[in-house]
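Work through the exercises below with the sequence and the structure open. Each task is followed by a solution in steps.

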Amino acid sequence: MAESDMNQRVAKGLFWKLLENGGAQGVQFVIAIILARLLSPAEYGVVGLIMIFITIANVFVQSGFSTALVQKRQADPVDFSSVCYFELAAALVLYGLLYMAAPRIASFYHIPVLREIVRVLAVVLFPGVVISVQTAYVSRKMEFKGLFLSTLAASVVSGLLSILLAWKGWGVWAMVGQQVSYYFSLMLVLFLTVSWKPQLTFCGDRVRDMFSFGWKLLCASLLDTVFSNLYGLLIGKLYNEELLGSYNRGEQFPRLIASNLSAAIQAVLLPAFSASQDDREAVCGMVSRAIRLSSFAVIPMLLGLFAVADTLVLALLGEKWLVCVPFLRIMCISYCFWPIHIANLQAINAVGRSDIFLKLEVIKKALSLLALAVGMQFDVVVMVSLKAVQDFLCTFVNGAPNKRLLGYSIRRQWQDVMPAAALSAVMCAVVIGAGYQLAWLPAWPKLLLQILCGIVVYVALAWAFRLESFCFLWGLVKNRARKGDSQ
């Protein structure tokens, strides 16, 4: 495939993937705000606790094979169907384990209702398997338009159901209903919008071949998922479900920003990287571009969110949720490093070095255990703050192998990141100062003025310093405008 054709496919795929993530998460964001008004932090904490176990179980039935399907040079319908049936069998085993473990989980956290919630929520493992194979097919074929429509529809259906249940007084079951209905509706709509359908065929040799690549990614993903959720598990046990709900809500806002763009980069650039895996210089250039563009977009949004955190929570969620503000600000700093993490790891996967990927995860988890062990000696805010420090140190861990694999050193990576980071820090300081000056205003007008201030300051600084990513994106906009005029 010609380079210009690949660039066009990447641009088109990135557009639809951003719409999918932005549209679906935008709907979920609105739903979450409404539910936060109807439910308490403790109720959020209960469901959030169970979703940790479900998320970990999902790793066993989804991770590794999906990436292997995308990375494989030649993947046919037999590959996709074989993986689907194998993962469904694994999901059945894991559901049985969760079903039997449900009473012990409820007893461990001293929350009796967890027994029934675990058994109901665990059914999402089955549609989750099918969705993982469907999205792998979408990523390989870059059919992101169908994924966008499906995800948006599922988010609306599940969101409306959860609001109705919460309004009727179902409490935590409103969120349970949201999760279950989202997975099943997404799977069903994807069958209508994505061209892949499972066939009545299975090849164990194909599964074994992909497992030789995917098992390392599965182990790495399992390590990452367990350690990412370890803080939630410990907060729920050492403190209470109300504090866990506040931590989850504080993490949700920055994660929404970081995961939206990062998931788009991951889904679109992995097949692009894989297609060029024999041309290391081309992959290096794409990784550098991905880091610069994602940093230009993600870092100012996260530092802007850091600046307006208290005003945002007061305006959207109400005074009862102000306890989540410290967590929100800490996680904004933590997620600032995601562009470096995602781009480097996808490049490593694309060149087929899942063994390096696994080794990196082991090193990072050793750092995470150290940070957690130290943090537990203090209060919960210090514990979460050390997590942000550990995430920063892990950028060096993830970036180190690509100096040898691609000739893209950590120093060059930070040179790509720092212009956007420096301008974002200045913008953040200005917005915080504006917040003090506007303290007399009600929450909503103050929030809107702070956001407007942040946008104006960042764009003005990017234009004044001729930031490379700003000029690149501005050039794309002007070229598109010229094409529109000529037509």
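**Exercise 1. The contact between H4 and H5**

Task: Which residues in H4 meet which residues in H5, and how are H4 and H5 oriented to each other?

Solution. The model is a predicted one.

Step 1. List the contact. On the H4 side, Tyr95, Leu98, Tyr99, Ala102, Pro103, Ile105, Ala106 and Tyr109 take part. On the H5 side, the partners are Leu114, Arg115, Val118 and Arg119.

Step 2. Take the geometry. H4 covers residues 77-109 and H5 covers residues 114-121. Their axes are 8 Å apart, and the packing angle is about 155°.

Step 3. Classify the angle. Angles over 145 degrees count as roughly antiparallel. H4 is therefore roughly antiparallel to H5. The crossing of H4 and H5 is right-handed.

**Exercise 2. A positive phi in another loop**

Task: Where is Arg466 found, and how does Arg466 count in terms of accessibility?

Solution. 

Step 1. Locate the loop. Arg466 is in the loop between helix H18 (443-464) and helix H19 (468-486).

Step 2. Note the backbone. Arg466 is not a glycine, yet its phi is positive, at about 50°.

Step 3. Assign the accessibility. The relative accessibility of Arg466 is 49%, so Arg466 counts as partly exposed.

**Exercise 3. The largest nonpolar core**

Task: Which residues touch the most other members of the largest nonpolar core, and which helix supplies the largest share of this core?

Solution. 

Step 1. Name the residues. The core has 151 residues, and Leu114, Leu121 and Leu406 touch the most other members.

Step 2. Find the helix. Helix H11 (residues 280-316) supplies the largest share of this core, 19 residues.

Step 3. Follow one member. Beyond residues up to four places away in sequence, Leu114 touches Val46, Leu49, Ile50, Ile105, Ala106 and Tyr109.

Step 4. Of the 487 residues in the chain, 55% are buried. The chain exposes about 21400 Å², with carbon and sulfur atoms supplying 67% of that area.

**Exercise 4. Burial within helices**

Solution. 

Step 1. Count in H12. This helix spans residues 325-335 and is mostly covered, with 8 of its 11 residues buried. The buried ones are Val325, Phe327, Leu328, Ile330, Met331, Cys332, Ser334 and Tyr335.

Step 2. Turn to Ile56, in helix H2 (residues 41-62). Buried means under 20%. Ile56 has 17% relative accessibility and therefore counts as buried. Leaving out residues up to four places away in sequence, Ile56 touches Leu222, Thr225 and Val226. Ile56 and Thr225 are 169 residues apart in sequence, while their C-alpha atoms are 6.2 Å apart.

Step 3. Turn to Ser158, in helix H7 (residues 144-167). Its relative accessibility is 2%, so Ser158 counts as buried.

**Exercise 5. The crossing of H15 and H17**

Task: At what angle do H15 and H17 cross, and which residues make the contact?

Solution. 

Step 1. Take the geometry. The axes of H15 (residues 380-399) and H17 (residues 410-437) come within 9 Å and cross at roughly 125°.

Step 2. Classify the crossing. H15 and H17 are therefore oblique to each other, and their crossing is right-handed.

Step 3. List the contact. H15 contributes Phe392, Thr395, Phe396 and Gly399, and H17 contributes Ile410, Gln413 and Trp414.

Technical notes: Residues are numbered from 1 along each chain as its sequence is written. This is a predicted model: local features need pLDDT of at least 70, side-chain atom pairs count only at pLDDT 80 or more; totals for chains, interfaces and linings use all residues. Side-chain values use heavy atoms; hydrogens and water are left out. Buried means under 20% relative accessible area, exposed over 50%, partly exposed in between (1.4 Å probe, protein chains only). Accessible areas come from the Shrake-Rupley method with a 1.4 Å probe; for residues, only the protein chains shown count as cover. A nonpolar core is a set of buried Ala, Val, Leu, Ile, Met, Phe, Trp, Tyr and Cys residues joined through side-chain atoms within 4.5 Å. Helices (H or I, at least four residues) and strands (E, at least two) are DSSP runs, numbered from the N terminus. Contact means heavy atoms within 4.5 Å. Axes are lines fitted to C-alpha atoms, for helices over the stretch in contact, and angles run from 0 to 180 degrees between N-to-C directions. Angles under 35 degrees count as roughly parallel, over 145 as roughly antiparallel, 65 to 115 as roughly perpendicular and the rest as oblique. A crossing is left-handed if the near helix is turned anticlockwise from the far one by less than a right angle, and right-handed if clockwise.
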